[in-house]
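Subject: Structure handover

Dear colleague,

Here is the structure you were expecting. My notes on it follow below.

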Amino acid sequence: MVVRPSRGVATGAATSAVEVRRSARRSRTVSAYREGDRTVVLIPARMSEAEEQRWVSVMLDKLAAQESKRMLGDSDLTERAKRLSAQYFDGRASPTSVRWVTNQNTRWGSCTPAEGSIRLSHRLQGMPEYVIDYVLVHELAHLLVPGHGARFWQLLEAYPRTERARGYLEGVIAADRLPRLPAADGE
């Protein structure tokens, strides 16, 4: 087994060390887990440096999604929205409520500026933190600017992972549109 030295990797709001462990006995699978303040990624020894980097990114997102799904309740969302408002909008976007809903299947979130309420689709649960944060920032921006005009998009430029999050969500939508093939016998 080959162990690579730890390196700092940004994961959501925090930075944690990542240790890559290569194993000749591992042939195809990649896995990851948290060990204290570090993330351990287990990969096959034959993987190239580029494959390693890609898999580390994939596994960090996967772990973040699992942790997000386990931890974020409505009160967590409200606290997160307040923190994001302070960080990106100087606290000017102040929601009265932020909650998960199960009746939004065609949009990721919605906002009622007159009430100050924000609702996020339950379909976001389990997605990476930066994606949930993007949707929250998007809806917070609607508390300041109701439509999707130029001023609205200027506000969203403050969030550094806007393009990445939008790409992730577009990928989820595209994957949902793919035809479902019947499972082969024995699967």
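Helix H3 is largely enclosed by the rest of the structure, because 14 of its 16 residues are buried. Buried means under 20% relative accessible area, exposed means over 50%, and partly exposed lies in between (1.4 Å probe, protein chains only). Helices (H or I, at least four residues) and strands (E, at least two) are DSSP runs, numbered from the N terminus.

This is a predicted model, in which local features need pLDDT of at least 70 and side-chain atom pairs count only at pLDDT 80 or more, while totals for chains, interfaces and linings use all residues. Residues are numbered from 1 along each chain as its sequence is written, and side-chain values use heavy atoms, with hydrogens and water left out.

H3 and its partner

From its first C-alpha to its last, H3 reaches 23 Å, close to the 22 Å expected at 1.5 Å a residue. The expected span of a helix is 1.5 Å times one less than its number of residues. H3 (residues 129-144) packs against helix H5 (residues 162-177) at an angle of about 105°, and the two axes are 9 Å apart. The axes are lines fitted to C-alpha atoms, for helices over the stretch in contact, and angles run from 0 to 180 degrees between N-to-C directions. H3 and H5 are therefore roughly perpendicular to each other. On this scale, angles under 35 degrees count as roughly parallel, over 145 as roughly antiparallel, 65 to 115 as roughly perpendicular and the rest as oblique.

On the H3 side the contact is made by Tyr130, Val131, Tyr134 and Val135, and on the H5 side by Thr162, Arg164, Ala165, Arg166, Tyr168 and Leu169. Contact means heavy atoms within 4.5 Å. By class, seven of these residues are nonpolar, one is polar and two are charged. Here Ala, Val, Leu, Ile, Met, Phe, Trp, Tyr, Cys and Pro count as nonpolar, Asp, Glu, Lys and Arg as charged, and the others, Gly among them, as polar. An α-helix has 3.6 residues a turn, so residues three or four places apart point the same way.

The chain as a whole

The chain has five helices and eight strands. Along the sequence they follow the pattern β-β-β-β-β-α-α-β-β-β-α-α-α. Of its 187 residues, 42% count as buried. Among contacts between residues at least 6 apart in sequence, 42% join residues at least 24 apart.

Ile118 lies in strand S8 (residues 117-121) and is buried, at 0% relative accessibility.

Leu72 sits in the loop between helix H1 (49-71) and helix H2 (74-89), and counts as buried at 13% relative accessibility.

Val101 is in strand S6 and is buried at 7% relative accessibility.

A buried arginine

Arg22 is found in strand S3 (residues 14-23) and is buried, with a relative accessible area of 8%. Its side chain makes a polar contact of 2.8 Å with the side chain of Glu52. A polar atom of the Arg22 side chain also lies 2.7 Å from the backbone oxygen of Met47. A polar contact is a pair of N or O atoms within 3.5 Å; within protein, one must be able to donate a hydrogen and the other to accept it, and residues adjacent in sequence count only if both atoms are side-chain atoms.

Asp90 has a positive phi of about 55° although it is not a glycine. Asp90 lies in the loop between H2 and strand S6 (97-101) and counts as exposed, at 69% relative accessibility.

Regards
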